[in-house]
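This report describes a single protein model for a computational reader.

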Amino acid sequence: MRARPLRWLTGVVLASALLAGCDGAGVWLWERPSREERQAIESRYTRWQTALDEERFADAYAVMSPRYRAAHPLAEFADEFKDLSWVRLKPGYILRVHGSDARLYPFDDNGWFEIWNGPDYEWEEIGGEWYLTGDMQWYTD
């Protein structure tokens, strides 16, 4: 008789772990990027970040998607992104790709043991080139 409550409890614990894992699995529903995608996005992000750090807003603006540039003038971009120059790409950063869309979290999540805190940038691929869309999700702990 005692085996049944233990099985039930085991089932509840396993189901809870599965549901908790599914909460974070949204990140992994995206595809792992290829080496070429990773290098291309890393290079563009570094170019964008360096341009922002050096206040070369026109160069950073060129990394933004054509759709973003059509909707936002350079002055608006400079005003919006001037304070984000501290966000540098950290070793172990998280990059997820799905088709021609990607998301880049520039920090290491320490193996899922750390709550995300900071921006998660959205990218799109157009004509073989990756561009920042200007959309981001901001995580806070």
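Aspartate 120 lies in strand S3 (residues 118-126); helices (H or I, at least four residues) and strands (E, at least two) are DSSP runs numbered from the N terminus. The model is predicted, so that local features need pLDDT of at least 70 and side-chain atom pairs count only at pLDDT 80 or more, whereas totals for chains, interfaces and linings use all residues. Residues are numbered from 1 along each chain as its sequence is written, and side-chain values use heavy atoms, with hydrogens and water left out.

With a relative accessibility of 0%, aspartate 120 counts as buried; buried means under 20% relative accessible area, exposed over 50%, and partly exposed in between (1.4 Å probe, protein chains only). The side chain of aspartate 120 reaches the backbone nitrogen of tyrosine 105 at 3.3 Å. Beyond four places in sequence, aspartate 120 has contacts (heavy atoms within 4.5 Å) that include Arg96, Arg103, Leu104, Tyr105 and Tyr139.

Leucine 104 belongs to strand S2 (residues 101-108) and counts as buried at 1% relative accessibility. Among the contacts of leucine 104 beyond four places in sequence are Ile41, Tyr45, Leu89, Pro119 and Trp123.

Both strands are part of an open sheet of four strands in the order S1-S2-S3-S4, with antiparallel pairing; two strands pair if DSSP finds at least two bridges between them. Strand S1 (93-98) and strand S4 (129-139) stand at the edges with a single partner strand each, so one side of each has no neighbour in the sheet. On average, neighbouring strands of this sheet are turned by 20 degrees against each other, direction ignored. S1 and S2 pair over six bridges, and tyrosine 93 has aspartate 108 in S2 as its bridge partner. Helix H2 (residues 35-53) lies across S1, S2, S3 and S4 and runs at about 75 degrees to S4; axes are lines fitted to C-alpha atoms, for helices over the stretch in contact, and angles run from 0 to 180 degrees between N-to-C directions.

A search of the whole structure finds eight salt bridges, a salt bridge being a side-chain nitrogen of Lys or Arg within 4 Å of a carboxyl oxygen of Asp or Glu. Three of them are listed here.

| Salt bridge | N to O distance |
|---|---|
| Glutamate 129 and arginine 44 | 3.4 Å |
| Lysine 82 and aspartate 79 | 3.1 Å |
| Arginine 103 and aspartate 120 | 3.1 Å |

Arginine 103 lies in strand S2 and aspartate 120 in strand S3, so this pair ties together parts that are 17 residues apart in sequence. Arginine 103 and aspartate 120 are both buried. Salt bridges with shared partners join Arg96, Arg103, Asp120 and Glu122 into one network. Lysine 82 is partly exposed, with a relative accessible area of 41%.

The protein chain has a mean pLDDT of 80, and 73% of its residues reach 70 or more; pLDDT is the predictor's confidence in each residue, from 0 to 100. Among the elements of the chain, helix H1 (residues 3-28) has the lowest mean pLDDT (57) and helix H4 (residues 66-71) the highest (97). Over residues 19-28 pLDDT stays under 50, and the model has six contacts beyond four places in sequence for these residues.

Conventions
Polar contact = N/O pair within 3.5 Å; in protein donor to acceptor, adjacent residues only side chain to side chain.
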